[in-house]
Amino acid sequence: MRQDSLTTTHNLAAGDSGQAVAASKPHELTPKEVLSWLPKDATPAQQDSAIQRHIKISEIHWSEQPDTLHMPGHEKGKSFRDATLPQYYRESFFSKDSLFHPELSGGRLGVAGDPVPYTIAGDNLITGLLLGCFVLAMISLAKASNFIVRQAKNFFYVQRANTTEITETSGEFWTQFFLVVQTSLLFSIIFFFFFRTFISDTFVIEQYQIIGIFTATILGYFLLKMGLYWMVGSVFFDRKKIEQWSKAFLFLFSAEGVLLFPLVMLLSYFNLSIQSAIIYTAIVIIFVKILSFYKSFLIFFQKKEFFLQIILYLCALEIVPLAILWGVLVLINSFLKVNY
């Protein structure tokens with residue numbers, strides 16, 4: 001009998017069916033035990049065939065015991081295998097937490113710092129406008145240098161009645177128009193710095209939009225003032241004097257922008273104090289006003305009996321429009337700033 005049992009075991013190791021050994025093992029076989037009966041040089045196909053022959057997949061019997069892991073007085077929990085449950089019930093609170101899923105981005109830890117304050121130097125649009133103004137101004141001044149020198153020479157005296165006045169070319173006219181727009185832009189940037197420093201630094205719209213509104217307002221002020229000069233001058237003076245004053249006023253307003261350009265560059269990129277900027281701007285405005293008073297006196301009021309008209313002119317066409325412009329800019333700023 002001993003020899004027969006050894007022979008049977010040897011036959012199983014050689015690849016026999018192994019029914020006698022399987023019958024002598026009452027317990028459930030494992031894949032490791034089945035593979036140990038085979039020789040070491042058994043192929044994967046032979047190993048798979050032996051496992052399928054001796055190991056049968058049994059039916060899974062889930063526990064029928066009641067769930068006792070819920071709180072007293074509450075309904076028992078539902079099984080996560082129930083396909084009718086909504087997604088939020090089957091997922092836990094921490095199922096998408098980055099600590100449990102390293103493949104998910106955890107975000108930035110800590111408290112957000114204060115945002116970087118707005119600066120003209122950091123605004124690409126305004127920087128591009130200023131750079132474009134500088135380049136175009138240099139080109140315009142180079143092409144219209146003779147016109148500018150002629151205007152400067154003729155500024156401090158009045159031409160005689162029998163002399164013919166040289167008219168501007170189209171290029172010289174567009175040069176003056178560009179310088180007028182540049183002056184409006186530079187004034188708007190200075191006003192923006194002033195309001196942002198002393199009144200409010202937060203607005204309901206973007207900063208470059210505010211600068212654009214200020215620019216349009218100042219340009220409208222210039223056009224309105226030109227219209228008033230023509231309307232008032234046509235009542236008291238002849239057409240030639242009105243044209244002389246219009247050209248002088250256009251030249252003064254353009255020169256004002258040229259004088260303000262270095263100030264705006266210092267404010268924007270070199271942190272010049274706003275107090276120094278206000279002093280410089282006031283000096284430029286007063287200087288230009290003195291020149292305009294002198295030119296208007298040469299053109300309109302050389303006779304002594306026109307002294308009363310000089311006072312009316314100063315009040316109606318110089319002081320009042322400037323005060324109105326300041327009030328309009330302050331009103332616009334009050335509408336656009338954020339009121340807490």
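Colleague: How are H9 and H10 oriented to each other?

Modeller: First, this is a predicted model, where local features need pLDDT of at least 70, side-chain atom pairs count only at pLDDT 80 or more, and totals for chains, interfaces and linings use all residues. Residues are numbered from 1 along each chain as its sequence is written, and side-chain values use heavy atoms, leaving out hydrogens and water. The axes of H9 and H10 come within 9 Å and cross at roughly 160° (axes are lines fitted to C-alpha atoms, for helices over the stretch in contact, and angles run from 0 to 180 degrees between N-to-C directions). Angles under 35 degrees count as roughly parallel, over 145 as roughly antiparallel, 65 to 115 as roughly perpendicular and the rest as oblique, so H9 and H10 are roughly antiparallel.

Colleague: Which class do H8 and H9 fall into, by their angle?

Modeller: H8 and H9 pack with their axes 8 Å apart, at an angle of about 125°. That angle makes H8 to H9 oblique.

Colleague: And what is the make-up, by class, of the contact of H8 with H9?

Modeller: Contact means heavy atoms within 4.5 Å. On the H8 side the residues include Phe187, Phe191 and Phe195, and they meet residues of H9 including Ile211, Phe214 and Phe222. Ala, Val, Leu, Ile, Met, Phe, Trp, Tyr, Cys and Pro count as nonpolar, Asp, Glu, Lys and Arg as charged, and the others, Gly among them, as polar. By class, the contact of H8 with H9 has 13 nonpolar, 4 polar and no charged residues.

Colleague: What about H8 and H11: which hand does their crossing have?

Modeller: The axes of H8 and H11 come within 11 Å and cross at roughly 140°. A crossing is left-handed if the near helix is turned anticlockwise from the far one by less than a right angle, and right-handed if clockwise. The crossing of H8 and H11 is left-handed.

Colleague: Which helix gives the largest share of the lining of the largest pocket?

Modeller: About 470 Å³ of space lies in that pocket (on a 1 Å grid over the protein atoms alone, a pocket is an open set of points where a 1.4 Å probe fits, with protein on both sides within 12 Å along at least five of seven lines; lining residues have an atom within 4 Å of a point). Of the 25 lining residues, those closest to the centre are Phe187, Phe191, Glu256, Ile285 and Leu322. The largest share, 8 residues, comes from H11.

Notes: Points joined across faces, edges and corners; volume = space filled by probe spheres on them. Helix = DSSP H or I, 4+ residues; strand = E, 2+ residues; numbered from the N terminus.
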